[in-house]
Amino acid sequence: DLLTAIAAVRVSSVLNRNNSEFGKRHLTDRNPETCWNSDQGAGQWIELALARPSRLLSLQLQFQGGFSATRCLVAALPGDGEPQLLADARLSDSSQLQSLNLAPGAPPVRDRIRLTFLETADPFGRVTVYQLGAPCSRADSHALANDPKSLS
């Protein structure tokens, strides 16, 4: 799964800079009782650096109702090129786990992926994420060199 492929996490902000209660580490701790909570402001984001190239088909997000993202851009950020848009998705203001399908046939994410929350249910732009995950498969480096769409 995605959490095993993450090497580092960056976020746009943390509510009141309270990292112990609302920090980025809660995105990957697999604890349904903890969350990342952004501070206010438009365009909050989560960036995941991957330890290995991974093929992502979808992302799963669980927000706190009232603090949900209702529009999310997902982009692959290669270290040596232009960002590649993987999804521009509408989400619902819900506390339920939601799936966000990524562009079919997209090549594996090699370096980083960024989720940018363009619209939120909260009028101040705050976002609260309890769960973040994705089914993914490891991309075979030999196959990547010959055919970037191949997987192991």
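## Close-up views of the predicted model

**Figure 1. Pairing of strands E3 and E9 in the predicted model.** Gln44 stands opposite Phe117 in E9. The model shown here and in the following views is a predicted one. Strand E3 covers residues 44-50 and strand E9 covers residues 112-120, and six bridges join the two in the antiparallel sense. Phe117, the residue opposite Gln44, is also among the residues with the most contacts inside the largest nonpolar core.

**Figure 2. The five-stranded open sheet.** The strands follow the order E1-E3-E9-E6-E7, with antiparallel pairing. Strand E1 (6-11) and strand E7 (84-90) each have a single partner strand and stand at the edges, so one side of each is left without a neighbour in the sheet. On average, neighbouring strands of this sheet are turned by 15° against each other, direction ignored. Strands of a sheet pair through backbone hydrogen bonds, in either a parallel or an antiparallel arrangement.

**Figure 3. The largest nonpolar core.** This core comprises 38 residues, and those with the most contacts inside it are Trp36, Ile46, Val74, Leu100 and Phe117. Two or more residues are contributed by each of helix H1 (2-5), E1, E3, strand E5 (58-63), strand E6 (69-77), E7, E9 and strand E10 (128-133). E6 supplies the largest share of the core, namely four residues. For the protein chain of 152 residues, 44% of the residues count as buried.

**Figure 4. Salt bridges of Glu47.** Which residues meet the side chain of Glu47 in a salt bridge? One is Arg112, at 3.1 Å from N to O. This pair links distant parts of the chain, with Glu47 in strand E3 and Arg112 in strand E9, 65 residues apart. The other is Arg114, at 2.7 Å from N to O. Because Glu47 lies in strand E3 and Arg114 in strand E9, this second pair ties together parts that are 67 residues apart in sequence. Is Glu47 buried or exposed? Its relative accessibility is 4%, and buried means under 20%, so Glu47 counts as buried. Arg112 is partly exposed, with a relative accessible area of 29%, and Arg114 is partly exposed, with a value of 22%. Side chains of opposite charge can pair when their charged atoms come close.

**Figure 5. The salt bridge between Arg71 and Glu119.** The closest N and O atoms of Arg71 and Glu119 are 4.0 Å apart. Arg71 belongs to strand E6 and Glu119 to strand E9, and the pair links parts of the chain 48 residues apart. Both side chains belong to partly exposed residues: Arg71 has a relative accessibility of 22%, and Glu119 has a relative accessible area of 32%. Elsewhere, salt bridges that share partners join Arg10, Glu47, Arg112 and Arg114 into one network. The whole structure contains seven salt bridges.

**Figure 6. Surroundings of Arg112.** Arg112 lies in strand E9 and is partly exposed, at 29% relative accessible area. Which residues are in contact with Arg112, leaving aside its neighbours within four places in sequence? These are Glu47, Leu48, Ala49, Ala75, Ala76, Leu77 and Pro78. With Glu47, the side chain of Arg112 also makes a polar contact of 3.1 Å. Pro83 is 29 residues from Arg112 along the chain, and the C-alpha atoms of the two residues are separated by 9.6 Å.

**Figure 7. Strand E8 and its pairing with strand E5.** Strand E8 (residues 97-101) has two faces: Gln98 and Leu100 form the covered one, whereas Leu97, Ser99 and Asn101 form the uncovered one. Leu100 on the covered face is one of the residues with the most contacts inside the largest nonpolar core. Five bridges join E5 and E8 in the antiparallel sense. Ser99 in E8 is the bridge partner of Gln60, and this serine is on the uncovered face of the strand.

Figure 8. The protein chain has three helices and 11 strands. Among contacts in the protein chain with a separation of 6 or more, 74% are between residues 24 or more positions apart.

Definitions and conventions
Residues are numbered from 1 along each chain as its sequence is written. This is a predicted model: local features need pLDDT of at least 70, side-chain atom pairs count only at pLDDT 80 or more; totals for chains, interfaces and linings use all residues. Side-chain values use heavy atoms; hydrogens and water are left out. Two strands pair if DSSP finds at least two bridges between them. Axes are lines fitted to C-alpha atoms, for helices over the stretch in contact, and angles run from 0 to 180 degrees between N-to-C directions. A nonpolar core is a set of buried Ala, Val, Leu, Ile, Met, Phe, Trp, Tyr and Cys residues joined through side-chain atoms within 4.5 Å. Buried means under 20% relative accessible area, exposed over 50%, partly exposed in between (1.4 Å probe, protein chains only). Contact means heavy atoms within 4.5 Å. A polar contact is a pair of N or O atoms within 3.5 Å; within protein, one must be able to donate a hydrogen and the other to accept it, and residues adjacent in sequence count only if both atoms are side-chain atoms.
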